[in-house]
Amino acid sequence: MNVPYKLLIVSDDSFQAEDLQAKVNTIIPQNQVLESKEVRREIARIKPDIVLLHESKESSQVQMLPYIAKEAADALVIFITERRDPVRTRDVNRSGAFDILFIPEEIHALEDVLSRAVKALQVKRAENESAASFSWAKGQVVAMYSGKGGSGRSLIASTLAQTIGLDTSSSVLLVDLNLQYGGVETLLKTDNQRTLYDLTPVLNELNDNHIRSVTMVEKFSQIEVLPSPVDAELAEQITEEHVERLLRTARLYYDYIIVDLPTEMNPLTYSVLEEADHIGYVMVPDVLAMRVFASVLDLFAKLGVDPLGRLGIILNRTNRDTELTEKDLSRHFQYPVIGELREDHKKVQQLVNQGSPMRTTRRERGLPGFARDIQKLAKWLLTNQSSESA
């Protein structure tokens with residue numbers, strides 16, 4: 001069998017990669033090998049039809065599945081692992097992998113599995129079907145970012161997470177990455193002594209049970225909250241690997257992962273912006289905020305962060321006297337305004353000072369105007385995801 005498809009082998013074990021490549025050469029000649037660290041940079045260029053994702057006894061590759069699903073949605077993934085674990089098998093199946101092989105015992109079945117994968121691709125192309133293989137790995141990462149402090153980003157992120165949790169049946173994880181000072185736990189009146197750093201011992205085998213062991217459930221909306229460490233020394237030990245593995249694993253179990261980012265552009269911020277499906281850029285309607293936004297876009301270009309199709313502007317603290325409007329922004333920037341949040345200082349500040357969340361029930365009377373505007377933003381997000389899925 002010699003088929004016109006492209007196959008990608010992802011493995012951090014060079015000997016195993018060579019062995020796999022030797023086995024597939026006569027079946028799918030168009031193949032190449034990448035280490036897992038190279039996938040982010042190369043997979044969109046390669047556009048593989050089939051991916052052999054190899055996991056050794058010492059490593060974990062389950063977290064790669066959502067990322068491959070996002071970047072190569074039409075590809076069929078064959079998960080090849082040296083680890084027998086029923087929880088991991090569940091996660092692999094749930095992520096939509098085409099098949100799973102345990103090696104070395106089942107390596108002889110690789111040719112048969114590849115044959116079935118090729119037939120599945122032929123049927124899919126013939127019928128022009130959309131790839132439904134990864135329907136369980138479609139959790140949306142929403143990054144809330146601003147290049148200027150004091151824009152209200154944390155309040156917007158926490159209220160948006162609450163609103164989605166209360167007004168829909170979606171599962172929501174809210175992650176606070178303002179590592180040295182935090183703040184989300186105060187806005188939502190949650191108290192949790194565990195943080196992202198506590199996942200360090202299990203990063204290589206991260207699953208839903210691990211994540212839920214360090215989150216706190218907000219009592220009104222039932223969203224899960226992962227606060228930042230209050231200890232600056234611990235915060236410094238959180239790495240890009242913590243963030244990437246958390247987000248890629250969370251995609252398997254949550255419908256929405258909302259991340260509150262700091263204004264500082266550091267490796268963690270960059271990792272989230274790269275991973276995000278949506279970037280909500282929060283700005284107040286003044287000239288200084290516009291200048292900062294222009295500088296942020298320049299920095300994105302230098303770092304290789306592509307915001308097109310992902311970034312939307314959220315105007316906060318608008319009122320009748322606001323000089324800059326959506327029309328003004330559209331003349332200067334090509335990004336849409338996805339939310340306008342009115343200034344409601346008296347009600348909002350009162351709730352913040354009391355340590356009370358913006359939302360407490362689904363059908364709540366007397367909501368501040370700010371919270372009602374967040375409902376519109378949530379509706380935009382839900383509608384936008386639905387149209388993309390369609």
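# Helix packing and sheets in a predicted model

User: Which residues in α2 and α3 meet?

Analyst: In this predicted model, Ser36, Val39, Arg40, Ile43 and Ala44 in α2 meet Met64, Tyr67, Ile68 and Glu71 in α3, where contact means heavy atoms within 4.5 Å. By class, the residues of the contact of α2 with α3 are six nonpolar, one polar and two charged (nonpolar: Ala, Val, Leu, Ile, Met, Phe, Trp, Tyr, Cys and Pro; charged: Asp, Glu, Lys and Arg; polar: the others, Gly among them).

User: And at what angle do the axes of α2 and α3 cross?

Analyst: Helix α2 (residues 36–46) and helix α3 (residues 64–71) cross at roughly 10°, and their axes come within 10 Å; axes are lines fitted to C-alpha atoms, for helices over the stretch in contact, and angles run from 0 to 180 degrees between N-to-C directions. Helices (H or I, at least four residues) and strands (E, at least two) are DSSP runs, numbered from the N terminus. The crossing angle therefore makes α2 roughly parallel to α3 (under 35 degrees; over 145 is roughly antiparallel, 65 to 115 roughly perpendicular, the rest oblique).

User: Before I go on, what does the model rest on?

Analyst: Since the model is predicted, local features need pLDDT of at least 70 and side-chain atom pairs count only at pLDDT 80 or more, while totals for chains, interfaces and linings use all residues. Residues are numbered from 1 along each chain as its sequence is written, and side-chain values use heavy atoms, with hydrogens and water left out.

User: How high is the mean pLDDT, and where is the pLDDT below 50?

Analyst: The protein chain has a mean pLDDT (the predictor's confidence in each residue, from 0 to 100) of 88, with 94% of its residues at 70 or more. Residues 128–137 have a pLDDT below 50, and this stretch has 24 contacts in the model beyond near neighbours in sequence. Where pLDDT is low, predicted coordinates should not be read in detail.

User: Switching to sheets, what is the strand order in the five-stranded one?

Analyst: That open sheet has the order β2-β1-β3-β4-β5 with parallel pairing, where strands pair if DSSP finds at least two bridges between them. Its edge strands, β2 (31–34) and β5 (99–102), each pair on one side only, and the twist from one strand to the next averages 20°. Six bridges link β3 (residues 50–55) and β4 (residues 76–81) in the parallel sense, with Val77 in β4 as the bridge partner of Val51. Helix α3 packs on this sheet, touching β3 and β4, and its direction makes about 165° with that of β3.

User: And which strands stand at the edges of the eight-stranded sheet?

Analyst: The eight strands form an open sheet of mixed pairing, in the order β8-β9-β7-β10-β6-β11-β12-β13. β8 (216–217) and β13 (337–342) stand at the edges with a single partner strand each, so one side of each has no neighbour in the sheet. Strand β12 (residues 311–318) runs parallel to β13, joined by five bridges, and Asn316 has Leu341 in β13 as its bridge partner.

User: Where are the cis peptide bond and the positive phi?

Analyst: The bond from Ile103 to Pro104 is cis, with omega near 15°, and Pro104 lies in the loop between β5 and α5 (110–127). Lys47, although not a glycine, has a positive phi of about 50°; Lys47 sits in the loop between α2 and β3.
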